[in-house]
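Here are my notes for you to read alongside the structure.

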Amino acid sequence: MIEHPVTGERVVWRSVAEDTDGKLLELELFARPGGFVAAAHVHPGQEERFEVASGTLIMLVDGQERTLRAGDVAVVPAGRPHAWWNGGSDEVHIRGQISPALRTEHFFETFFGLGKDGKTNRKGLPNPLQLAVLMREYEDEMRLAKPPFIVQRMLFAPLAVLGRALGYRSRYPHHSAAPSPMEPTAPTRQPDA
C-alpha cells in the first residue's frame, strides 16, 4: 500500500508488472473526500481502466467531464489527457487497471513517497528539479497533459541533468519494496524539496 497525504490518494497493488509478465498493473485506488490526482496527465502507450466500486468520481478526459458512480466504468485510451477527483462527500473506491504495466508502479512508489516525505507542494507535485528527473525517467509511462510533449522534453532535459547532479533520483530505496535496475543500490541522499 502506498499513500499520498497531500492528494488524499491511497493505492493497494493487486498485481504488478512482475506478476503479469508486464502485461497489466491492477490496483485498488481510494481517495478521501476532496482527493485528486496531482496533475492532468497522459499515458502515451498505456490504456487505463477505472471501475468505481463506491463513491463518486469526476473524470476529465479530453476536456469532457463525466461523473461516475458505483458500477460505472471508464476506459482512457493511450495518449488521452485525463484527470480525476473525488466528487462526493465519501471516500471513492476505484478498481483500476493499466496495460501494459511498464514501470508505472515504480513511478507511483516514488511520487507518493515524495508526498509522504513532505517533499511536494500543496498540489502534490515535487519541486521542478525532482519533477524533471521523474518525467524524463518515466516518459514512456507518464507525461503531463500540458505543455506539448516536445516542450516538456526541451524543458525537462537540462533540469533533469541538473537535478541528478544535485542528488535527485527517479527512485529511492526507502519508497520501494523491490530493488530497481534503474538506480544504483548504494544509498543516495534525498534532497530537500
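**Notes on the sheet and its helices**

1. Start with helix α1 (residues 104–116), which lies across β1, β2, β3 (25–31) and β10 (92–99). Against β1, α1 runs at about 50 degrees. Bear in mind throughout that this is a predicted model.

2. Six strands make up an open sheet, and going across you meet them in the order β1-β2-β3-β10-β5-β8, with antiparallel pairing. The edge positions go to β1 (2–4) and β8 (73–76); each has a single partner strand, so one side of each lacks a neighbour in the sheet. From one strand to the next, the twist averages 20 degrees.

3. If you want a landmark here, look for Glu-3, which stands opposite Arg-10 in β2.

4. The axes of α1 and α2 come within 11 Å and cross at roughly 170 degrees. An angle over 145 degrees counts as roughly antiparallel, so that is the label for α1 and α2. From α1, Phe-107, Thr-110, Phe-111 and Leu-114 meet Gln-130, Leu-134 and Met-135 in α2. By class, the contact of α1 with α2 has five nonpolar residues, two polar and no charged.

5. Helix α2 (residues 128–137) also packs against helix α3 (residues 149–165), with the axes 7 Å apart and an angle of about 115 degrees. That makes α2 and α3 roughly perpendicular to each other. The crossing of α2 past α3 is left-handed. On the α2 side the contact is made by Leu-129, Leu-131, Ala-132, Val-133, Met-135, Arg-136 and Glu-137. From α3 come Arg-153, Phe-156, Ala-157, Leu-159, Ala-160, Leu-162, Gly-163 and Arg-164.

6. One last thing on that contact: what classes of residue does the contact of α2 with α3 have? Ten are nonpolar, one is polar and four are charged. For the contact of α1 with α2, the count of charged residues was none.

Definitions and conventions:
Residues are numbered from 1 along each chain as its sequence is written. This is a predicted model: local features need pLDDT of at least 70, side-chain atom pairs count only at pLDDT 80 or more; totals for chains, interfaces and linings use all residues. Side-chain values use heavy atoms; hydrogens and water are left out. Axes are lines fitted to C-alpha atoms, for helices over the stretch in contact, and angles run from 0 to 180 degrees between N-to-C directions. Helices (H or I, at least four residues) and strands (E, at least two) are DSSP runs, numbered from the N terminus. Angles under 35 degrees count as roughly parallel, over 145 as roughly antiparallel, 65 to 115 as roughly perpendicular and the rest as oblique. A crossing is left-handed if the near helix is turned anticlockwise from the far one by less than a right angle, and right-handed if clockwise. Contact means heavy atoms within 4.5 Å. Ala, Val, Leu, Ile, Met, Phe, Trp, Tyr, Cys and Pro count as nonpolar, Asp, Glu, Lys and Arg as charged, and the others, Gly among them, as polar. Two strands pair if DSSP finds at least two bridges between them.
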